[in-house]
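Grab a pencil and work through these exercises with the model open beside you. Try each task before you read its solution.

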Amino acid sequence: MEKPLLLAPAGGREQLIAAVRAGADAVYLGAGGFNARAGAENFGEGALREAVAYCHGRGVAVHVTLNTLITDRETGDLLRQLREIAESGADALIVQDLGVAALARQCCLTLPLHASTQLSIHNTTGARAMKDLGFSCIVLARELTGEEIAAIHREMGKEIQLETFVHGALCMSLSGQCYLSAMLGERSGNRGRCAQPCRLDFHSPQGRQYALSLKDLSLLERMDELAGTGVSYLKIEGRMKRPEYVYAATAACRAALDGEEYDLETLRAVFSRSGFTDGYLTGRRSLEMFGWRRKEDVTAAAGVLRGLEVSYQKESPRVPVEMAVTLREGEAARLVIRDGERETSLAGPVPERAINRPTDEELCRRAMEKTGGTPFFLQKLDCGIGPGLMVPVSALNRMRKEGLEKLLALREEVLPHPFTMPEGEPGVHPKLLNLKYPELRIRVERADQLSQELTEPAALVILPMEELDAHRELISRLGEKACAELPVFLPPGQEEKALETLEALRDAGVTKALCGGPGQVLLARRAGLRVYGDYGLNVLNSIALKECGGLGVEDMTLSFENNLRQGLALGDYLPFGIIGYGYLPLMTFRACPIQGDKGCGGCRGEGILTDRLGKEFPVLCHRRRYSQLLNTVPLYLGDKQDVLIGFSHVTLRFTTESRGRCERVVQLWREGAPLREERTNGLYFRELK
């Protein structure tokens with residue numbers, strides 16, 4: 001199995017240089033906008049082209065992040081950004097938004113697409129969906145075990161490359177499924193503006209501090225195991241980190257990957273949160289994974305940063321070259337330098353007859369090996385030297401210097417990707433006038449929440465597929481209203497069982513499925529069900545809506561990060577609606593924050609996290625597969641239904657409520673009455689950053 005390539009972060013030029021000189025095979029960086037680290041220096045206004053030239057000159061690939069969700073009104077700026085990336089000659093584009101991916105395919109066919117970890121790809125069917133959409137590589141969800149990663153590779157083989165994280169900060173939530181920062185402060189992680197509220201002091205039911213903060217990931221001690229999973233890229237997190245961190249992390253990962261010694265203690269001192277964890281890779285998702293940045297961590301960093309500053313100041317020789325020196329009587333001396341793909345040649349003085357020592361291979365080698373200050377090192381030297389001839393060593397040094405400069409210039413030549421600007425304005429979509437109120441859909445967590453008061457007015461009744469399977473009698477009662485909701489997180493090993501359940505439900509009369517991820521969509525289609533898209537597909541723009549239709553989705557519940565004005569302006573590629581009531585899911589966990597010292601033992605599947613202001617956030621477990629943090633107050637738009645005209649449906653989403661509470665909310669909704677308790681309008685009337 002081929003050794004994976006090491007991919008390092010570059011938040012700015014200094015970090016880029018540090019990553020390259022520490023031994024990265026590739027770097028990932030943001031251009032001027034639309035990337036998930038908007039707070040980094042990034043590479044705008046011509047700096048991107050310079051960065052690509054610098055990296056290519058040293059044999060390093062450049063992956064550009066365009067991995068945020070966009071709105072229709074941003075499409076023009078996005079296209080200009082895409083053109084700049086294409087013209088830079090970058091090697092790959094990392095994308096979250098399916099609409100962005102569609103535009104990139106349309107405009108720039110030769111630029112490879114990589115699926116961002118923000119797309120939450122965590123199973124084989126998700127990988128298959130990405131391949132079908134034209135992606136050549138997937139940055140897998142961080143939450144997968146080594147065996148689960150290997151299972152995806154065994155299924156996909158060489159059809160698509162896989163990338164996984166090897167070192168750096170861990171988000172608490174499944175990437176792309178975190179809405180905490182957006183809901184609390186309008187700073188969306190899906191838009192590159194995360195304020196990291198999870199790093200604040202949330203308390204668990206047992207009183208544990210910082211219950212939403214994980215230690216940093218470090219898999220240096222498991223490089224062989226990780227390489228054996230079949231991944232193509234090992235990724236270091238850290239585009240917001242300083243150059244010293246980038247250098248230390250890249251150098252340590254390079255050494256570990258090459259089977260050499262590395263300094264884990266220095267790396268821990270540079271930056272960690274109470275040390276490191278390997279919990280997801282091993283499947284040990286215990287309290288040992290949790291940690292936060294303490295005073296002693298900061299103190300330790302101050303002691304090592306100064307020593308690292310000088311580590312990346314000098315060019316590192318990383319590109320092997322072959323040189324051939326020819327000295328013939330009566331002809332100009334000649335030097336040819338090759339790097340395997342390119343060749344440059346230099347002419348020198350005509351050799352003279354040696355009075356003392358003639359020029360020989362030893363003298364040539366001494367001169368040609370002096371590549372310091374360049375990214376090159378001499379791998380092979382061929383000499384064709386006539387007897388008794390001599391050229392000055394200074395001439396050999398000049399030829400070497402000028403030849404390497406010419407070769408570096410050739411390597412740094414930018415090769416742009418062809419780019420075709422689409423006709424018209426892709427972000428402008430005429431909306432057909434629809435003056436109907438949206439149909440009502442009801443989603444419940446448990447069958448015992450249902451009653452006639454809920455099912456009678458509903459056009460669709462949605463239950464988790466296992467719950468519907470466990471209460472088959474509901475299927476005949478609900479008839480065409482019955483809809484099976486697929487799990488948000490469904491790793492390899494659970495897909496086949498899920499497919500069996502869906503097929504059994506189909507045979508029992510269920511015809512519809514609600515899916516919040518690309519893999520779930522394909523799985524439901526394999527079961528022969530009609531597919532409705534859920535909020536987790538993160539649709540903010542018309543082109544993404546169209547792409548979901550291409551996957552087989554018949555209608556869509558938009559991301560609740562949309563505001564209503566923006567949502568209503570989407571094109572009519574698919575019918576679409578919104579969530580109108582519910583304790584919105586703000587985070588999705590595989591490492592549960594309410595577990596105790598003995599894990600899940602004794603847990604009833606529900607708990608409360610308390611923030612530093614004393615607000616309580618429910619945590620709901622889904623069959624010990626994953627858990628979700630719910631908002632502290634419910635979303636409710638029942639007294640604002642006039643603004644919902646034009647949406648195809650509105651979903652009342654019940655989770656921890658009692659049956660009586662569900663009935664009361666439905667009744668108030670039907671009356672258009674206010675909830676008369678603390679609630680939120682969510683982001684529907686706010687402008688998302």
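Buried means under 20% relative accessible area, exposed means over 50%, and partly exposed lies in between (1.4 Å probe, protein chains only). You're looking at a predicted model, where local features need pLDDT of at least 70, side-chain atom pairs count only at pLDDT 80 or more, and totals for chains, interfaces and linings use all residues. Residues are numbered from 1 along each chain as its sequence is written, and side-chain values use heavy atoms, with hydrogens and water left out.

**Exercise 1. Find E163, decide whether E163 is buried or exposed, and list what E163 touches.**

Step 1: E163 sits in strand β7 (residues 161-168). Helices (H or I, at least four residues) and strands (E, at least two) are DSSP runs, numbered from the N terminus.

Step 2: check the accessibility. E163 has 0% relative accessibility and therefore counts as buried.

Step 3: collect the neighbours. Contact means heavy atoms within 4.5 Å. Leaving out residues up to four places away in sequence, E163 touches L7, H63, H114, C137, I138, V139, L140, Y233 and K235.

Step 4: T117 is 46 residues from E163 along the chain, and their C-alpha atoms are separated by 9.1 Å.

**Exercise 2. Work out how strand β9 pairs with β1 and with β7.**

Step 1: recall the rule. Two strands pair if DSSP finds at least two bridges between them. Strands of a sheet pair through backbone hydrogen bonds, either parallel or antiparallel.

Step 2: take β1 (residues 5-9), which pairs with β9 in the parallel sense over three bridges. Here L7 has K235 of β9 as its bridge partner.

Step 3: move to β7, which is also parallel to β9, with four bridges between them. F165 stands opposite K235 in β9.

Step 4: look at the side chains of β9 (residues 233-236). Y233 and K235 point one way, L234 and I236 the other, and all are buried. In a regular strand the side chains alternate between the two faces of the sheet.

**Exercise 3. Which elements do the buried residues of helix α1 pack against?**

Step 1: count. Helix α1 (residues 13-22) is mostly covered, with eight of its 10 residues buried.

Step 2: name them. They are Q15, L16, I17, A18, A19, V20, R21 and A22.

Step 3: read off the partners. The buried residues of α1 pack against β1, β2 (26-30), α2 (47-57) and α9.

Step 4: step past the helix end. G23 follows α1 and has a positive phi, near 110°.

**Exercise 4. Which residues touch the most other members of the largest nonpolar core?**

Step 1: A nonpolar core is a set of buried Ala, Val, Leu, Ile, Met, Phe, Trp, Tyr and Cys residues joined through side-chain atoms within 4.5 Å.

Step 2: The largest core has 191 residues, and V27, L29, L93, M130, F135, L629 and F654 touch the most other members.

Step 3: find the main contributor. Helix α9 (residues 243-257) gives the most to this core, with nine residues.

Step 4: look for another core. A second, separate one of 21 residues includes V321, L327, I337 and L346.

**Exercise 5. How do helices α5 and α19 cross?**

Step 1: get the geometry. Axes are lines fitted to C-alpha atoms, for helices over the stretch in contact, and angles run from 0 to 180 degrees between N-to-C directions. The axes of α5 (residues 124-132) and α19 (residues 518-526) come within 7 Å and cross at roughly 100°.

Step 2: classify. Angles under 35 degrees count as roughly parallel, over 145 as roughly antiparallel, 65 to 115 as roughly perpendicular and the rest as oblique. α5 and α19 are therefore roughly perpendicular to each other.

Step 3: list the contact. α5 brings T125, G126, R128, A129, M130 and D132, while α19 brings P518, G519, L522, L523 and R526.
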